[in-house]
There are 2 protein chains.
Amino acid sequence: MKKHNIILQPSGRRGQVDEGTSVRSAARELGVEIESICAENATCGKCMVLVEAGRFEKYNIESSQENLSPVGTEERAYLERRPKLLKDKGWEIGQVRLSCQAKICGDVLINVPEESRGNKQIVRKSASNREIEVKPAIRKYLVSMSPPTLERPVADWERLAKGLETSMGLVRGGEEKLPRWYDFEIDYACLRALAKTLRDAKWNVTVTVRNDKEVIAVQAGYHEDSYGAAVDIGSTTVALYLCNLRTGEVLASESEMNPQIVYGEDVMSRIQYAIDQPDGLEKLHKAIIATLNKLLSQAAHTAKIRLYDIHEMVLVGNSTMHHVLLNLHPKDLGLAPFVPTIHKSVDIKTRELGLHINPSGNIHILPTIASFVGADTSAVILAEEPHKQDENWLLIDVGTNAELVLGNRKRLVCTSTPTGPALEGAHVEYGMRAAPGAMERVHIDETTLEPKYKVIGVNGWNTEHAEFTGQVKGICGSAIIDSVAELFRAGIVDSRGKFKKDLDSKRVRQGESGWEYVIAWKEETSIGRDIPITQQDVRQIQLAKAALFTAARTLLKRMDLQSPDKIILAGGFGSYIDKEKAMLIGLIPDCELDKVYAVGNAAGDGARIALLNIEKRREIDAVTRKVERFELPTDPEFQNQFMLATSFPHMSEPFEHIAQLIPNRKADPLAKNFMSK
Amino acid sequence: MKKHNIILQPSGRRGQVDEGTSVRSAARELGVEIESICAENATCGKCMVLVEAGRFEKYNIESSQENLSPVGTEERAYLERRPKLLKDKGWEIGQVRLSCQAKICGDVLINVPEESRGNKQIVRKSASNREIEVKPAIRKYLVSMSPPTLERPVADWERLAKGLETSMGLVRGGEEKLPRWYDFEIDYACLRALAKTLRDAKWNVTVTVRNDKEVIAVQAGYHEDSYGAAVDIGSTTVALYLCNLRTGEVLASESEMNPQIVYGEDVMSRIQYAIDQPDGLEKLHKAIIATLNKLLSQAAHTAKIRLYDIHEMVLVGNSTMHHVLLNLHPKDLGLAPFVPTIHKSVDIKTRELGLHINPSGNIHILPTIASFVGADTSAVILAEEPHKQDENWLLIDVGTNAELVLGNRKRLVCTSTPTGPALEGAHVEYGMRAAPGAMERVHIDETTLEPKYKVIGVNGWNTEHAEFTGQVKGICGSAIIDSVAELFRAGIVDSRGKFKKDLDSKRVRQGESGWEYVIAWKEETSIGRDIPITQQDVRQIQLAKAALFTAARTLLKRMDLQSPDKIILAGGFGSYIDKEKAMLIGLIPDCELDKVYAVGNAAGDGARIALLNIEKRREIDAVTRKVERFELPTDPEFQNQFMLATSFPHMSEPFEHIAQLIPNRKADPLAKNFMSK
């Protein structure tokens with residue numbers, strides 16, 4: 001057999017292949033996957049490549065379009081129906097070829113454009129900016145069958161399965177171990193529609209296959225895209241991402257308030273509701289299912305696809321959200337010894353949960369780790385990958401409850417702690433959620449003790465506006481932390497959190513409920529009242545930060561570490577707070593400031609990763625099986641540590657990096673360690 | 001380590017084992033499985049053995065009860081609570097031991113009673129009287145867990161799965177490859193009840209596991225038996241067998257008329273009903289589901305078990321019954337090219353089909369082979385095992401449609417043919433189903449041409465009763481075949497099936513619709529009319545037997561055989577007909593008479609085998625994949641063969657064995673081959 005040289009760009013792979021080999025097969029031989037969906041029928045166009053003409057000294061070959069078989073009828077038909085596509089790219093027929101059709105009959109240099117490459121990648125913007133390979137649980141294959149005859153009256157399913165075996169081989173190539181036709185399975189709901197679909201489709205169908213094994217949809221004609229949804233069910237907000245499972249692209253992002261809020265603000269009150277009311281769980285469960293269906297409809301509408309074409313979902317949420325979603329009673333999550341019903345990930349047919357996507361679709365729910373370390377934390381781990389690091393990373397996901405994971409590739413430990421609602425702006429006298437009118441940043445001048453602040457919806461500091469009136473409604477989480485940090489830095493409160501009563505400022509005053517510091521006078525507000533930070537507010541923050549700090553401290557001790565190499569703040573909270581201020585009050589452990597990252601909704605990202613890459617599901621199941629859980633109350637030093645940790649920044653250990661933040665801070669009798677710097 | 005001799009009876013296995021080994025472990029080492037369900041907790045008593053005392057010269061050992069560890073507290077408690085059992089068997093504590101508890105500390109000869117042996121066998125009464133090993137899809141395991149604590153707050157499922165891994169290892173032994181705990185799965189409906197069940201049960205539960213993988217039930221306390229149902233859905237009758245899945249025992253057999261009969265007598269008219277009526281399929285489907293639920297209730301009541309404790313069902317039926325059961329439209333079964341939706345066996349959750357057994361249970365439906373060779377034929381193959389023979393066996397299952405399978409371990413061929421309702425007594429002038437009052441046997445004296453007959457519900461021949469009046473209502477299938485055979489043998493009809501008109505008998509007369517032979521005068525009947533066999537009835541039988549014979553002939557030709565080595569008649573029809581008479585008229589091919597077996601409801605037996613032994617399901621799936629199907633109308637010789645086959649016995653070939661049945665038969669010009677003997 002005659003051999004020819006083929007060079008593949010941009011990879012630079014090269015080799016010799018037999019004359020008559022298709023470019024796509026040749027590329028596979030050289031380790032370059034080129035996409036194909038249509039089982040090499042010249043109908044999907046996913047395998048387009050460019051043939052370069054000329055002499056390439058580097059490779060010592062003369063490449064030419066004539067060194068490929070001529071453009072055939074089907075190939076020409078496909079390309080001629082797409083003049084705009086070719087024009088936009090500046091390609092010409094002859095130069096651009098369908099690699100499944102073009103056969104090698106001389107030396108060629110082939111350019112494989114990004115969009116034709118197999119094993120697509122998505123990039124996650126995070127601390128690591130990693131690439132994630134798209135390896136979805138479901139794939140589509142075009143299957144063409146000959147109709148049954150009296151001589152070959154093979155049943156519909158067996159006919160389809162044999163055709164599918166062939167198509168999978170053509171599309172996926174020989175390197176992967178693919179199942180034999182008789183090992184395929186078909187979902188019952190899908191089986192029921194099979195006979196009619198095949199006949200209506202005249203035996204040309206697109207088959208959606210889950211896990212290379214189970215047929216979950218059969219559609220007439222050719223379809224190339226599959227869709228899936230990743231959902232993060234937060235206690236407060238439910239966020240859904242609709243994705244194209246072939247390209248990894250996010251087609252729509254939708255969010256809604258968690259409707260369970262009417263039954264209780266936090267998870268404990270919802271657990272109590274489920275315990276107290278005979279139909280409590282049913283109500284909570286139906287509420288979240290209804291909201292998921294609403295979000296799915298909105299997303300499908302935005303992306304202009306049918307709900308029926310969504311075949312896969314991945315959901316994450318804390319253990320309570322996880323249980324309620326699955327209609328599992330959350331009682332034992334809320335009562336000692338705080339045990340979930342299940343850790344392992346759950347796969348369940350759509351129709352069992354009443355979600356209005358394809359009834360044969362699959363719902364995958366990530367594993368839980370502990371009663372208060374749920375599937376959302378699993379998703380954060382999957383997104384940030386502490387289990388692949390040599391360094392010790394500390395992941396903190398803060399809400400009304402904070403989950404913490406610390407460790408490296410050898411060992412991961414985790415715990416959780418209630419932080420109360422203060423860090424989210426609730427239960428603070430003038431606290432509010434992050435929304436227009438909320439103060440989001442606060443600075444206090446050390447000399448004048450005068451503040452300046454930023455308000456959501458208004459550009460710049462309030463002091464930069466000539467007439468700044470009536471815009472402020474309250475204080476959101478990030479501004480509360482700012483305020484407390486600034487009060488401490490400016491010496492208005494001491495390291496025990498007590499207001500100093502001898503300061504020369506009218507803003508420091510005795511209010512109705514004790515001492516307070518007025519950040520905004522009533523003229524600046526839309527509520528017609530002065531907005532202060534009260535002694536009580538400071539106390540709330542002290543308790544919250546003590547809880548968080550003690551939890552982190554406990555994990556560090558378990559790992560025999562002084563401080564983490566990196567701190568990753570997950571969730572909206574982490575994105576909004578000023579990490580310098582957070583460290584100043586001891587909310588997070590001492591660490592180099594540029595080693596502190598806020599990564600946004602890492603739980604949502606983790607859900608999306610698990611949606612797009614099936615191997616990641618197995619990975620996180622295995623990782624979570626090995627995570628060591630520590631319950632704080634069982635730690636003998638907990639109470640002691642907690643009390644020490646209420647002081648600013650904290651009293652239990654040196655804090656080298658914090659010290660640099662406030663070099664001019666005057667001596668405080670309680671801040672012994674700090675003073676020692 | 002010190003070693004001791006152990007001899008196991010009745011197997012005679014012997015060997016040396018380490019001191020301290022339990023008798024059960026020692027037996028396993030020597031290849032003798034002893035049952036256990038309680039994970040060696042001394043609570044199930046399934047592992048009882050007898051210790052023989054004395055000198056056994058043959059083995060050169062001195063066995064003694066003292067050579068086992070003393071009876072412990074749990075073991076004594078178990079045995080002392082069962083004085084009746086011990087008394088009935090004549091056993092004494094000390095002699096009878098729980099083999100999981102008794103440890104070897106000297107030479108012993110142990111008797112393992114039948115009921116304690118693992119891998120139980122059931123015997124199927126058939127041509128082969130084979131033993132079938134009981135290897136059910138579901139098994140029960142006792143799992144005891146420590147309750148969760150603050151220090152070990154592992155989730156309920158993981159706690160159960162780890163306990164289950166241990167219990168399975170103890171019960172099943174090390175030789176089998178058992179899954180690790182994290183590979184176990186739990187059915188969703190079962191998961192929902194898990195938390196409450198475990199706590200109510202104080203962490204001692206019996207776990208029902210399917211396929212060594214999926215937990216489908218968790219019950220408080222200790223339960224040893226699992227139940228399953230095998231069902232044969234015939235077009236006319238639905239038969240259900242409720243079985244103990246541990247012992248293989250049939251606990252109840254129930255049957256009902258197929259309720260779909262009101263929508264059509266035969267499968268073709270039911271298919272037509274489903275095509276014509278918009279809700280036709282729905283009605284047919286709901287009717288059979290309702291009847292299955294009724295039969296399940298009756299069987300559970302008979303066996304005194306709860307429906308909820310039935311966890312597995314195996315169903316068989318012809319392709320139309322199969323499709324309707326699965327709510328698959330049977331349209332394409334009835335229209336050329338006659339294609340089923342699926343051949344492969346189907347597994348489906350109970351709750352998807354609306355059957356009222358345990359909702360987490362599994363329904364297994366055997367594979368179909370062709371449009372008119374259904375899951376019932378698969379079951380017949382499984383019961384009779386032609387695929388394991390060196391000889392060529394011909395299986396015939398006769399109803400209004402007949403299915404035929406021919407072959408051996410290397411090759412199986414099959415076909416089907418409509419035989420019409422005549423063979424079942426329908427569409428015959430005075431035909432009726434086999435019921436009290438139906439004539440079931442007929443004999444005609446060759447000289448006097450006078451008949452005698454037997455009636456269902458009356459002992460002996462009618463001629464043996466002095467006053468035999470008013471008992472006869474009609475003629476059932478077996479008597480019709482008898483009659484036609486006797487008319488031919490006595491020379492009343494010729495080999496073309498025509499009545500001879502010159503006979504000296506008032507019974508041979510011209511009736512309303514042509515010539516006929518009166519079997520019963522009106523005085524002998526309860527209907528007040530003479531009961532004749534008419535020319536038309538003879539014609540019906542000729543057509544039916546020609547169809548059956550031609551089908552058999554076609555298969556023989558495909559296999560290049562003159563005659564089969566064995567003929568197996570499945571179904572009620574085969575059990576009732578006189579095989580000599582059947583051969584005489586050429587209903588079945590020429591074969592030694594004692595090689596013709598009637599095996600009763602082999603389809604029901606096959607369903608039961610598949611219910612009791614999971615490996616048989618895989619076996620029949622593989623066998624049916626390879627069975628070659630022939631459609632008769634596509635056989636070029638079909639019409640010609642069919643016409644030749646209408647004559648008695650038939651005209652197409654020699655019939656050595658038939659000739660012996662009627663040595664004195666006078667010459668018949670058409671029976672050339674017959675005359676050549």
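This note goes through a predicted model with chains A and B, point by point.

1. Basis. The model is predicted, so local features need pLDDT of at least 70 and side-chain atom pairs count only at pLDDT 80 or more, while totals for chains, interfaces and linings use all residues. Residues are numbered from 1 along each chain as its sequence is written, and chains are lettered from A and ligands numbered from 1 in the order in which they are written.

2. Chain A overall. The secondary structure of chain A comes to 20 helices and 31 strands; helices (H or I, at least four residues) and strands (E, at least two) are DSSP runs, numbered from the N terminus. Along the principal axes, the C-alpha atoms of chain A fill a box of roughly 100 × 70 × 55 Å. Chain A has 677 residues, and 50% of them count as buried. A residue is buried if 20 or more other C-beta atoms lie within 10 Å of its own, exposed if 12 or fewer, and partly exposed in between, with C-beta atoms placed from the backbone. Among the contacts in chain A with a separation of 6 or more, 66% are between residues 24 or more positions apart. Two residues are in contact if their C-beta atoms, placed from the backbone, lie within 7 Å.

3. Relation of the two chains.

4. Helix 6 of chain A. In this helix (residues 267-276), the buried residues are Val267(A), Arg270(A), Ile271(A) and Ala274(A). They cover an arc of only 105 degrees, which puts them on the same side of helix 6 of chain A; the arc is that of the directions from the helix axis to the C-beta atoms. These buried residues pack against helix 7 (280-303), helix 8 (319-325), helix 9 (331-334) and strand 21 (401-407) of chain A.

5. Asn119(A). This residue lies in the loop between strand 7 (108-111) and strand 8 (121-123) of chain A. Asn119(A) counts as exposed because it has 10 C-beta neighbours inside 10 Å. Leaving aside neighbours within four places in sequence, Asn119(A) is in contact with Glu33(A) and Glu133(A). Lys135(A) is 16 residues from Asn119(A) in sequence, and their C-alpha atoms are 7.0 Å apart.

6. Helix 13 of chain B. At 1.5 Å a residue, the 24 residues of this helix (535-558) should span 34 Å, and the end C-alpha atoms are 34 Å apart, which agrees. The expected span is 1.5 Å times one less than the number of residues. Helix 13 of chain B is mostly covered, with 18 of its 24 residues buried. Asp560(B), which follows the helix, has a positive phi near 60 degrees.

7. Strand 15 (residues 237-244) and strand 16 (residues 250-257) of chain B pair in the antiparallel sense over seven bridges; two strands pair if DSSP finds at least two bridges between them. Ala239(B) has Ser255(B) as its bridge partner in strand 16 of chain B. Five residues lie between the two strands of this hairpin, and Gly248(B) in the turn has a positive phi of about 85 degrees. Another hairpin joins strand 26 to strand 27 of chain B through two residues.
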